[in-house]
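Welcome! Take a moment to look over the sequence and the model, then let us walk through them together.

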Amino acid sequence: MAGDGSGINHITVLSGGVGGARFLQGLWHGITTGQVPGVAEDARVTVIANNGDDWWVHGVKVCPDLDTVMYTLGNGIDHERGWGRREETWHAKEELANYGVEPTWFGLGDRDLATHLVRTQMLDAGYPLSQVTEALCRRWLAPTYADRLRLLPMTDDRVETHLAITDADSPSGRRVVHFQEYWVKLRAEAEVEALLFVGLDDSSPAPGVIDAITDTDLVIVPPSNPIVSVGPILGVPRVREALVATRAPVVGLSPIVGGRHLRGMAEQLLKASGVEVSAAAVGLHYGARSDGGVLDGWLVDEVDAHDVRRVAEAGLACRAVPLLMTDLDATAAMAAAAVELVGPARPAA
Ligand code: GDP
Ligand code: CA
């Protein structure tokens, strides 16, 4: 039971795609092998995943971050790419291109397409995304995790991240593109003028999201993209308030190591959002709960040890530890350090 004083029995994680999924793999490994002191070996994990990367393409609804978490934890991921199915083939994509149908640049694999077809049919039949996700997870997660690991979309509503980019060929000098076009087609090389989270302000948390923040023993913000992965989750109305109010401690791990992201486009999007690209600045961007932010603690990598003081002065518990998710044990050690930094939930009043 949450907060009964007997340690950590439920952990909630706010996740993007690859960074969040790798962390979750290590967290689960650590929990089940007893490598995370203070956490019960049969603890439950609830994952709240970002929907900002979602989009409709070739008539199907694609949810990249949900699927990356689902395939990674379900051992169906292509490890080299970090996204999509392993043993993938690309016949449908090639045939669509042969018809001259755009976009031709989006990686829609044949095996992956089956997931999107099931999802789209269920959405068409009237099921909300959260129930569709639960159905997909019956294949990918239930056999290994039973009901101990739950994957929730942040919202059942349509939310999409768009970016205004500089475009000399447009009459206005700029163009608005979906996040997928910016990341996959433009390889995050275009100059970003603004980020637009379409639909976010009017969205509602999916069923279970607020409860998973309120009724838990620990909330972890993994090394996910702070702007386009964790940012949208925090932007769903009532989520930020729930984090501020929860009895559970909230701890984050820096996705920026030595002033760089490890993969992805965090550097570009932090700059576009006016946030300095450093481990300290990302922690301060989330902010201390004692000062209107969402975190109690922030882990930075050892190479960023010089940042600890600046973060601590802002009211956050902070430590420098190795933060490279090189293998399951290294990632489990990161989870253990996160738990140790903030301790268990306050007992219920
Ligand atoms: P995406 O949705 O696939 O972009 O994945 P996430 O948003 O979950 O995570 C992307 C972030 O993970 C990037 O900003 C990376 O810098 C970060 N990341 C990837 N690998 C590592 C790692 O080994 N250690 C740390 N600290 N961050 C990492
Ligand atoms: Ca993503």
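## Overall build

The radius of gyration is taken over C-alpha atoms, and the globule rule is 2.2 Å times the number of residues to the power 0.38. With 349 residues, that rule puts a compact globule near 20 Å, and the protein has 20 Å, which agrees. Its C-alpha trace spans about 60 × 45 × 35 Å along the principal axes. The protein has 14 helices and 14 strands; these are DSSP runs numbered from the N terminus, with helices being H or I of at least four residues and strands E of at least two.

This is a predicted model, where local features need pLDDT of at least 70, side-chain atom pairs count only at pLDDT 80 or more, and totals for chains, interfaces and linings use all residues. Residues are numbered from 1 along each chain as its sequence is written, chains are lettered from A and ligands numbered from 1 in the order in which they are written, and side-chain values use heavy atoms, leaving out hydrogens and water.

## Around the ligand

Some polar contacts (pairs of N or O atoms within 3.5 Å) stand out here. A polar side-chain atom of Ser 229 is 2.6 Å from an oxygen atom of ligand 1, and a polar backbone atom of Pro 223 is 2.8 Å from an oxygen atom of the ligand. A nitrogen atom of ligand 1 lies 2.8 Å from a backbone N or O atom of Ser 254. Taken alone, ligand 1 exposes 590 Å², and the protein buries 92% of that (Shrake-Rupley method, 1.4 Å probe).

## Two backbone details

Most residues other than glycine have a negative phi, and most peptide bonds are trans. Arg 187, however, has a positive phi near 50°; Arg 187 is in the loop between α7 (179-185) and β8 (192-198). Glu 102 and Pro 103 are joined by a cis peptide bond, with omega about -5°.

Notes
A polar contact is a pair of N or O atoms within 3.5 Å; within protein, one must be able to donate a hydrogen and the other to accept it, and residues adjacent in sequence count only if both atoms are side-chain atoms.
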